[in-house]
Amino acid sequence: MSKFSNIGLIFLIIGTLLIVFSIFLSIIILPGFFLLIQISGCVLISLAGIFILLRKDEYHIIKFKSGFLLKLDHLIIFVCAMLLSISFLVFVDINNYIYTGNFTYFTIVWPIVLFGGTIILHFLKTKK
C-alpha cells in the first residue's frame, strides 16, 4: 500500500472534518476565523486529491464471504463527499431560516434523492 494513498486519505478526513465543524460552528466563531478554517480545509482536500491521484491503483480491500471486494479508499471518499454535501445543505437551510423565517426543504430533498436512487438501482440490478 502506497504511503501517498494513506497520507491522502488522512488529509481528506482532516479537511472534511475542518469544513464540517466550521460550518456547524459558523454562528459562534468570527467570520475571519470561519474563512480561515474553510480555506485550510479546502487546501487539505486539494492536497488529498493530489496524493490520491499519485497512487497506482493500490487499495485497502476487504473481501466478504459473498465474494464482494470492498475498496475502503472509495468508501472513505464517498463518506467524506456525503458529509460535505449534507452539511453544506444543512448550513444553507439553517441560514435561510434565520434570515427569511421560512423553512425550505433542501436538506430533506438530498437524502430522499439518494435513497430513491439507491432503491431504483437495486431494483434494476435484481431485475437482470
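The following conversation concerns a predicted model of one protein chain.

Q: To start, how many helices and strands does the chain have?
A: This predicted model contains four helices and two strands.

Q: And what pattern do they follow along the sequence?
A: The order is α-α-β-β-α-α.

Q: How much of the chain is buried?
A: Buried residues account for 25% of the 128 residues.

Q: What about the surface, then: what share of it belongs to carbon and sulfur atoms?
A: Their share is 77% of an accessible surface of about 9,300 Å².

Q: Which residues form the largest nonpolar core?
A: That core has six residues, namely Ile19, Ile23, Ile29, Phe34, Ile37 and Phe91. Helices α1 (3-24) and α2 (31-54) each supply at least two residues of this core.

Q: Phe91 is in that list. What does Phe91 touch, leaving aside residues up to four places away in sequence?
A: Phe91 touches Ile23, Ser26 and Phe34. Of these contacts, Ile23 and Phe34 are also members of the core.

Q: Turning to Gln38, where does that residue lie?
A: Gln38 lies in helix α2.

Q: Is Gln38 buried or exposed?
A: Gln38 is buried, because its relative accessible area is 16%, and buried means under 20%.

Q: Which residues does Gln38 touch, again not counting those up to four places away in sequence?
A: Gln38 touches Ile19, Ser22 and Ile23. Ile19 and Ile23 also belong to the largest nonpolar core.

Q: Now for the other end of the chain: where is Ile120 found?
A: Ile120 is found in helix α4, which covers residues 106-127.

Q: Why does Ile120 count as exposed?
A: Its relative accessibility is 52%, and exposed means over 50%.

Q: What separates Ile120 from Glu58?
A: Their C-alpha atoms are separated by 31 Å, and the two residues are 62 residues apart along the chain.

Q: What about charges: how many positive and negative side chains are there?
A: There are 9 positive and 4 negative side chains, and the centres of the two sets lie 12 Å apart.

Q: Last topic: among contacts between residues at least 6 apart in sequence, what share join residues at least 24 apart?
A: The share is 58% of those contacts in the chain.

Conventions: Residues are numbered from 1 along each chain as its sequence is written. This is a predicted model: local features need pLDDT of at least 70, side-chain atom pairs count only at pLDDT 80 or more; totals for chains, interfaces and linings use all residues. Side-chain values use heavy atoms; hydrogens and water are left out. A nonpolar core is a set of buried Ala, Val, Leu, Ile, Met, Phe, Trp, Tyr and Cys residues joined through side-chain atoms within 4.5 Å. Buried means under 20% relative accessible area, exposed over 50%, partly exposed in between (1.4 Å probe, protein chains only). Contact means heavy atoms within 4.5 Å. Accessible areas come from the Shrake-Rupley method with a 1.4 Å probe; for residues, only the protein chains shown count as cover. Lys and Arg count as positive and Asp and Glu as negative; His and the chain ends are not counted. The place of a charge is taken as NZ of Lys, CZ of Arg, CG of Asp or CD of Glu.
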